[in-house]
Amino acid sequence: EMEAAAKRYRNRRASAFGGGGGSPSTVRSPARSLEAEDEGGAPLWAKSYVKDKLVDVDEVLATDLVAGKPNRLGPEIEAHCRVFFYSSYHDFREERTLLASETYGALNAMCAERGVAFVPVDPFMQLDQDPHGRLPAPWQWTGEGAEALSSKAAANAEPVPSDPLAFTRELLFSLAVEVPGAAAWVFMLGGHYGWQPPGEILTPLRRRVPWVRNFYEETNFDVAGLCDIIYYRVIVANQDAISTVLKGRVTFLLREMAYGDSFAPAIATRFVEDDEDRLRLLETIRASARDRKGLLRVLEEYRAPAAAAREAGASLASFVETEFLPPGRGFAFRRDRLAMSAFANARRGKTRYIVDTAAERRVHEHLDPRTKERRALVIVGDVGAGKTAFVTRYIERHRGLLPTALWHAFHVGAAPGLRDYQHAALSLRHALRSRFRLELEVDPTLGPRKVANDISMWCAAAGSRGISLIFIDGVDQLEEDHDGCGPLGWLPQAFHPKVRVILTTTPGSAALEAARKRGWPEHHLQPLHDAADRRALAEDRSSARATCWTEMGEQNLTPAWISRIAAGVEPPANLLVGDFGGHQTGSPVVSPSSHSPSSPGGGTVIGPAGAPVFVLFLADALDRLNRKTRLPPPPPPPAPAHTSSAVAVASAAFGGTGGKAAAALTAVGGAVGARAAAIAFASDEAAAGAGLYFRSQDLPGMLDFMLYKWETTFDSPRFPLLVRRVTSLLWAAPWGLSEYELLCLLPDVPRLILAGFLESTSFSWCRYCGYILIAHRCLRDAIRERYCATPIDRNEIHTRLGSYFRSLPPGRRRVECELFHWREAEQWVNVLSVCADMERFDMLFDEDGNGALHADLRRAVLAADCHLDAFRALLEGFRRFEDAETARGDEEGRVASTAVLLARFFGAMGRPQQASAMYQAILSRPPAQLLATRESRRRTAGLRVLYGDLLVTRWSEAAAGSSDRSFALINEASAHLGLAKQEWKKLIEADEIELARLEKV
């Protein structure tokens, strides 16, 4: 009654004076805050908060509000070690092979420790391998060695035939884009000038690439070789930057001109240039490189290919050490932030954004700092409805509303490694601590209930220092079986009034049901009602594809096809507004008005085209098809079909009765298989393929058919199952894969083919630091359903990736990826082999990091312990480690430090007996080892404190009558704490004596 009376008093005061409760500036009615807005669409209450222009470098997509430009986070997303290797195709096969087998792996490990990817841009990489990834014999390349001299068959054998892919338009266009984008360049020049592209290929390149056009205008060449073109772009066009920007980035490897004179005649022609004009051009470039020897790194007149590989490796290792510094503490936090920023940037770019005004108004109202809202706001939308785009665009457009506040976004769907609540909780607490300088320690060992209480405490501490706006996108994608935590079990019921939380989820998810039980408000996103909006999205996507080097200069989609996309697909009769992508054919229909207060009524038919992602993927797929086959004019949108006959529907749509596409289209699997058969009688295969997209009654069906069309476009007898293999590997990778890692996993696929596929389908991927992620959740789901539908398929992919990462040199990326893949593959023996490797247990414990890897270690041990005795395996691993270190002398005390970490881990995992055994093993060592130095005395005193606290905890938590309820534990704890006190006292006295001596000096 007192609360009700106080509420009535505050309402009367607010209506009379426009404020109340002692703080007139914060108790305005939230409804009024939306009645007036400025010209930019911002509520007027925001003007009072535009004071300091703050830059938060730890936020996802943080922006400098003064300059209006992205802060240093933007360049960090693009930073990676991209090295271009130039060589002529025929005569440098051995050098390229030595680089791939001996140099690339070490450079990749160096870059991975610095949080960036190593991407070697070798146009001919893996071109010479057979379908099993095997290389030709060395004598087939050069005629060198004992085999070439002693074997008559080898001496008279034909050399390896040229791969036709090495002299194609695609290779030339890829170089035009990739040469300027490299961070370092390695030139290998011998006695052969190299390929001179014919005029029919060079003419379109000169017309479409400005720097190639400038080369021909300045040099007056009629036909030039790749050597001259690339040398011009890297060296000649950057003359003023040779001593500054290019220093340490360019390496020339100049082989002897007479290197091939001693080879068999059939092979020598590949190493010796017989054209005088071409030889003169080559000599000019070599002489120019020698003249710049003081500024650029040059290896002259070498003969052994191994020497060239060593020189290139040393040069690039020096470049990596100089340009990419180790991130140090917070490695995982930085990596997560960059991955999520790239994921969010994929929704920005040049694609137009259709503003959901109602949703923005609702978020404005929720973020109004004058209200005392303690609940989270839930934004609801189907897969593909644009929830991630809404969150990231809202932050981009309205970051200035509260410039001094923390704007923290966590995108669960950015990478598979972010799908557990621990990563979300750790990221939130680290962001709060960094922004508000909180003196709190992040504990990665807490379970879901303790995490919720801990987050509540952190929010209260942050609320006392400022405003925080927390966006958690895709909360329904969090794994619900981890630690028995539901999608919202790790979040508190209510938040501090100065901490506003916004979640996004899908209809019918467990996260939405949990939010409704908590009484949290929700708002449903609107579909795209207006055909003009769909037309704008389709036009932007078609224009963006014109920049792909795989289709550079080809014709965009015609206005007729753009209009056909804007008209939408033909929806099923039972699909209402708001149900796009959410129901399969024949499923029950839920009227939007029954569950979405923001959805319009009336039952207007929109279909899956109401989802922005559906329109974007549809425009991207049709544009790719048009550039390849020149689509004929589209038929008009057909009237809704009321017959169940698939043949009749197809005939009405395309007016055909014959079928060239019957055999291919009936092979479509997944959700769209039945609809593929309906087009089998279309007269034109291209029109049938395009028309089938418009028959897709949901987003999963359309994406399944799109994957099928990818297969028909990119798979070939030489590269079978290319799409399946690449997409399934990217689907399974927790933090993405680099191009180099994909090539290592696909040894039979040339880099040119892989790069062409990734470039042509670039809308589907996002990149950070050189690593590739799937950019859309709906596509990830479609890949899973088509290629990884069964547990056997998924386990096979994870096992393959786990085996690959196990083959890499030791490092953090290897440890965390290997642990993730073995756990997902349910290979528990391999999981424990990683956890019980005490050589890297300190890395897994992650004491100096942000705790993400420690959380992964806890999860892996708990999962493995359900099948094997995980804690016994850890103890056995420690004994092996102790024996090995003791045999080596253990001069650095690694056994004691690792034992302390293992004892702490046992204690945090609820295994006090094992933890006590570890402490006893350490403290029972001879005093000469425990008290040898001042540092060891400090460490021993700290161990006695930890052990005493553990014994007290064991006694207090033990059941009455159990062995741990004995006062012997208390007495032992008292003894250790007493010894620790005495040791600390002696150390303090020694420090005071030393300080007095230094003061006298």
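Predicted model: local features only at pLDDT ≥ 70, side-chain atom pairs only at ≥ 80, totals over all residues.
Visitor: What makes Glu739 and Arg751 a salt bridge?

Guide: Their closest N and O atoms are 3.2 Å apart, and the rule asks for a side-chain nitrogen of Lys or Arg within 4 Å of a carboxyl oxygen of Asp or Glu. That makes Glu739 and Arg751 a salt bridge. Glu739 belongs to helix H30 (residues 739-745) and Arg751 to helix H31 (residues 751-760), so the pair ties together parts that are 12 residues apart in sequence.

Visitor: And how do you know whether Glu739 is buried or exposed?

Guide: Set its 5% relative accessibility against the limit of under 20%. Glu739 counts as buried.

Visitor: Which residues are in a network with this pair?

Guide: Salt bridges link Arg82, Glu178, Glu739, Arg751 and Arg767 in a network. Across the model, the count by this rule comes to 54 salt bridges.

Visitor: What makes Glu885 and Arg888 a salt bridge?

Guide: The closest N and O atoms of Glu885 and Arg888 are 2.3 Å apart, to be set against the 4 Å cut-off. So the pair meets the rule for a salt bridge. Both residues sit in helix H38 (residues 870-888), three residues apart, which is about one turn of the helix.

Visitor: Are Glu885 and Arg888 buried or exposed?

Guide: One of each. Glu885, at 5% relative accessibility, counts as buried. Arg888 comes out at 51%, and exposed starts over 50%, so Arg888 counts as exposed.

Visitor: Why is Glu824 called partly exposed?

Guide: Its relative accessibility is 21%. Buried needs under 20% and exposed over 50%, with partly exposed in between, so Glu824 counts as partly exposed. Glu824 forms a salt bridge with Arg823, with the closest N and O atoms 3.3 Å apart. At 13% relative accessibility, Arg823 counts as buried.

Visitor: Which elements line the largest cavity, and which gives the most?

Guide: Helix H34 (812-824) and helix H37 (852-865) are the elements that give two or more residues to the lining. H34 gives the most, with five residues. By class, the lining has five nonpolar, two polar and eight charged residues.

Visitor: What about the second largest pocket? How many residues line it?

Guide: 41 residues line the second largest pocket, and Arg419, Glu479, Trp731, Arg784 and Arg794 lie nearest its centre. The space in this pocket is about 1,100 Å³. What separates the two terms is that a probe fits in a cavity but cannot get out, whereas a pocket is open.

Visitor: Which elements supply its lining?

Guide: Among those supplying at least two residues each are helix H28 (699-714), helix H29 (722-732), helix H33 (791-806), H34 and H37. Helix H32 (777-787) is one of that group too, and H32 gives the most, with seven residues. The lining divides into 18 nonpolar, eight polar and 15 charged residues.

Visitor: Now the strands. Why is strand E5 called largely enclosed?

Guide: Six of the six residues of E5 (residues 184-189) are buried, so the strand is largely enclosed by the rest of the structure. Ala184, Val186 and Met188 point one way, while Trp185, Phe187 and Leu189 point the other way, and all are buried.

Visitor: How do you know that E5 is paired with E3 and E6?

Guide: At least two bridges are needed for a pair. Strand E3 (residues 81-86) is joined to E5 by four bridges and runs parallel to it, with Trp185 as the bridge partner of Phe84. E5 and strand E6 (residues 250-255) also run parallel, joined by five bridges, and Met188 stands opposite Leu253 in E6.

Visitor: What makes E13 and E14 edge strands?

Guide: They belong to an open sheet of three strands in the order E13-E15-E14, with antiparallel pairing. Strand E13 (737-738) and strand E14 (765-768) each have a single partner strand, so one side of each is left without a neighbour in the sheet. E14 pairs with strand E15 (residues 771-774) over four bridges, and Trp765 stands opposite Ile774 in E15.

How values were computed
Residues numbered from 1 in each chain as written. Heavy atoms only, no water. Buried < 20%, exposed > 50% of the residue type's maximum accessible area, 1.4 Å probe, protein only. Nonpolar A, V, L, I, M, F, W, Y, C, P; charged D, E, K, R; others polar. 1 Å grid on protein atoms, 1.4 Å probe; cavity = no way out; pocket = protein on both sides within 12 Å on 5 of 7 lines; lining within 4 Å. Points joined across faces, edges and corners; volume = space filled by probe spheres on them.
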